[in-house]
Amino acid sequence: MSSTNATEGPLAGIKVIDVGILVQGPQAAALLCDMGAEVIKVELPNVGDQARYIVLGPDDFRSAYFNACNRGKRGLSLNLSDPDGAAILKRLIEDTDVLISNFTADTLDEWGLGYEALSEINPALIWAAGNTFGPNGDDRDRKGADLAAQCAGGLVMTTGRDGDPPSPVGVTIADHIGSLNMAAGILAALHARASSGRGQKVEVSLLGGQIWAQAAEYTHYLMTGNVPGRSNYGHPLIRGLYRIYETQDGWFGLIGVPPNSIDELLISVERPDMLVDERIATLGTEEGRTWLLSELGRAFAKRTTDEWCATFEGTSIRYAPVRDYDETAADHNVWTNGYLTSGVDDQGDEQRVVGSPIHMSENPLEPGMRAPSLGEHTDEILSELGYTEPTIASLRERGIV
């Protein structure tokens, strides 16, 4: 179902088994799928990945979460907690390059599918696992999800303004960063295997990903003992003109102004009078900065966001409109770069999906257009393993597949 040509994708010939749930593991596998790997999505029969139950609405049972993280994969239903189901996975592992999971620690070990057990079957296997709080320590067995890592990793306390209640980020950012870390670890392990011939265990966590994503801010804290604080419309450690301003109809981002561009900025906002104000010499102080931000706030409120974008186009000043999804999706540049894309799936239906953020000149990445239905390719995959139709029917009758 992936639209990536198997002979062109940078991971052509790599086989991945995804037994993950929700976002962290499945999204890592989806990126590998976009890179040309063959990915088999394994789900519990008659239940499936929990992401399937985050539906669009009470009358629309499609799942954006499931489709986003599983498009392009083949679907296999398999009860891994049953010894016969685990035995089928072990047969799959014989020629598999990567296994991905994000269960709580030791779950796969309890089913006889841990790294040690599977590497005996296939020493070249890369066994990648993610959890919430890390593979070691007292919290390794604690259950959690994206919000748990945002909270425990400190991110929730960086958003918003001083005096406001804590506020989570409005996307599953910890899961997403965790998936990227997992994919990076897998790619590094594949590279190492090219010379050693052996696979290895790759472990990541949502909490670790959150701390890594805030590396500069945590380093500031480690160097000074001071917590950077809230974003306050900008960034707590970037003291320049790096923030968003309210406009007549929305918000506008001023993304840093070099000292030699202050004149250009003030002329653009029709405040050249500030250039001869004695307070312009105090911009390096908190008092001077507060004065400048206040005056700019009044200036930006006089025009619309689109008008400000037109004003600053072609200048040396970096800027961006503050957009919602609808406005971003209306930007032809987003589609030109393939960040959002459309295509026809294997059933002949037109689909619009999130595309790949990575461009490669020789091995282009292309997303699959559709996620598999629960167990859609079970018979096909089991037949490839040598199971006969009567045996497959018996496995289905017993709830193994």
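## Salt bridges at a glance

A salt bridge here is a side-chain nitrogen of Lys or Arg within 4 Å of a carboxyl oxygen of Asp or Glu. By that criterion, the structure holds 26 salt bridges.

This is a predicted model, where local features need pLDDT of at least 70, side-chain atom pairs count only at pLDDT 80 or more, and totals for chains, interfaces and linings use all residues. Residues are numbered from 1 along each chain as its sequence is written, and side-chain values use heavy atoms, leaving out hydrogens and water.

Let's start with Asp97 and Arg193, whose side chains meet at 2.9 Å, N to O. This pair links distant parts of the chain, 96 residues apart: Asp97 sits in the loop between helix H3 (83–93) and strand E4 (98–101), and Arg193 in helix H7 (residues 173–196). Helices (H or I, at least four residues) and strands (E, at least two) are DSSP runs, numbered from the N terminus. Both partners are buried, meaning under 20% relative accessible area, with exposed over 50% and partly exposed in between (1.4 Å probe, protein chains only).

Asp346 and Arg370 also form a salt bridge, with their closest N and O atoms 2.9 Å apart. Here Asp346 is partly exposed at 46%, whereas Arg370 is buried at 10%.

Asp60 pairs with Arg62 at 2.8 Å, N to O; Asp60 is partly exposed at 25% relative accessibility, and Arg62 is exposed at 57%. You will also find Asp18, Lys41, Asp49 and Lys73 linked in a network of salt bridges.

## A buried glutamine

Gln150 lies in helix H6 (residues 146–152) and is buried, with a relative accessible area of 1%. Beyond four places away in sequence, Gln150 touches residues including Leu155, Pro168 and Gln210 (contact means heavy atoms within 4.5 Å).
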